Amino acid sequence: MIRFEQVGKVYADGTTAVDGLSFEVAEGELVTLVGPSGCGKTTTMMMVNRLIEPTTGRILVDGSDIATVDPVELRRRIGYVIQQVGLFPHRTVLDNTATVPALLGWKRARARARAAELLELVGLDPAVYGGRYPAQLSGGQRQRVGVARALAADPPVLLMDEPFGAVDPVVRERLQNEFLALQSAVRKTILMVTHDIEEAVRMGDRIAVYGQGRIEQLDTPRAVLGTP
Ligand code: ADP
Ligand code: ADP
């Protein structure tokens, strides 16, 4: 579903962020990228939605080279969740959630109905929370809106960068469990960056363990932990 072929990224200042990455994420699989700060995890992920362009190699999503895919179409195919959720502060929760459908030109009523459905799915009653502004939510609730927004246009691929990093450990564990339950229903193809090995183990079907600019091991949590 996502395929990296000899992908490298050298930034303008000469920093090599990743080098010769080749790996695949299967349809419906959740791969966690784990490793110390600065080893290239975020760069890897942001090349998939073309927020960063690779210097060498290519990335295929669902068989097509993303360099040839229209940017709006790429938005439809790939949802993105980040730690600092980046909700629009002057838009309601419902309008925030409907962002991508609106960009894709859906009719307003359909986009809002879809947004309400997604809020429901992530455990926020749209009748209660839909009309609120982001500042009127707790951190955990904002993360949920971030997930709802990323899923609104039903993209087959989801990129998640420390999606549960900004909340306290108790809320984090609850969000992780809820997300796993959601994932078992929606089966997205997911790359998830984390620096938390526990999160990587708990959430990943497989774990990509990063060293400097490359993947040193890509295997199941069991194999990575060395348990029989
Ligand atoms: P991680 O997500 O694992 O923390 P990153 O992918 O953010 O790692 O960064 C990988 C390397 O690339 C680091 O050395 C980082 O300093 C460098 N880097 C990231 N973004 C830029 C940039 N815009 N310009 C130059 N170097 C960058
Ligand atoms: P969560 O476990 O999802 O992080 P919290 O325990 O932080 O939720 O919040 C509990 C309740 O307080 C929530 O129902 C939320 O709506 C409400 N709440 C939190 N922060 C605010 C705020 N700034 N304005 C209005 N309501 C808030």
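For my tallies, Ala, Val, Leu, Ile, Met, Phe, Trp, Tyr, Cys and Pro count as nonpolar, Asp, Glu, Lys and Arg as charged, and the others, Gly among them, as polar.

**Ground rules.** I am reading a predicted model, where local features need pLDDT of at least 70, side-chain atom pairs count only at pLDDT 80 or more, and totals for chains, interfaces and linings use all residues. Residues are numbered from 1 along each chain as its sequence is written, chains are lettered from A and ligands numbered from 1 in the order written, and side-chain values use heavy atoms, without hydrogens and water.

**Ligand 2.** I sorted the shell by class and found four nonpolar, four polar and two charged residues. Among the residues around ligand 2 are Ala135, Leu137 and Val171; a residue is near if one of its heavy atoms lies within 4 Å. Next I looked up polar contacts (pairs of N or O atoms within 3.5 Å). A polar side-chain atom of serine 138 is 3.0 Å from an oxygen atom of ligand 2, and for the side chain of glutamine 141 I noted 3.2 Å to a ligand oxygen.

**Rings.** I searched the whole structure for aromatic pairs (ring centres within 6.5 Å; the six-membered ring for Trp) and got two. Phenylalanine 4 and phenylalanine 23 are stacked (planes under 30 degrees apart), because their ring centres are 4.5 Å apart and their planes stand at 10°. I also checked burial (under 20% relative accessible area, 1.4 Å probe, protein chains only): phenylalanine 4 is buried at 2%, and phenylalanine 23 is buried at 7%.

Methods
Polar contact = N/O pair within 3.5 Å; in protein donor to acceptor, adjacent residues only side chain to side chain. Phe/Tyr/Trp six-rings, centres within 6.5 Å; stacked < 30°, edge-to-face > 60°. Buried < 20%, exposed > 50% of the residue type's maximum accessible area, 1.4 Å probe, protein only.
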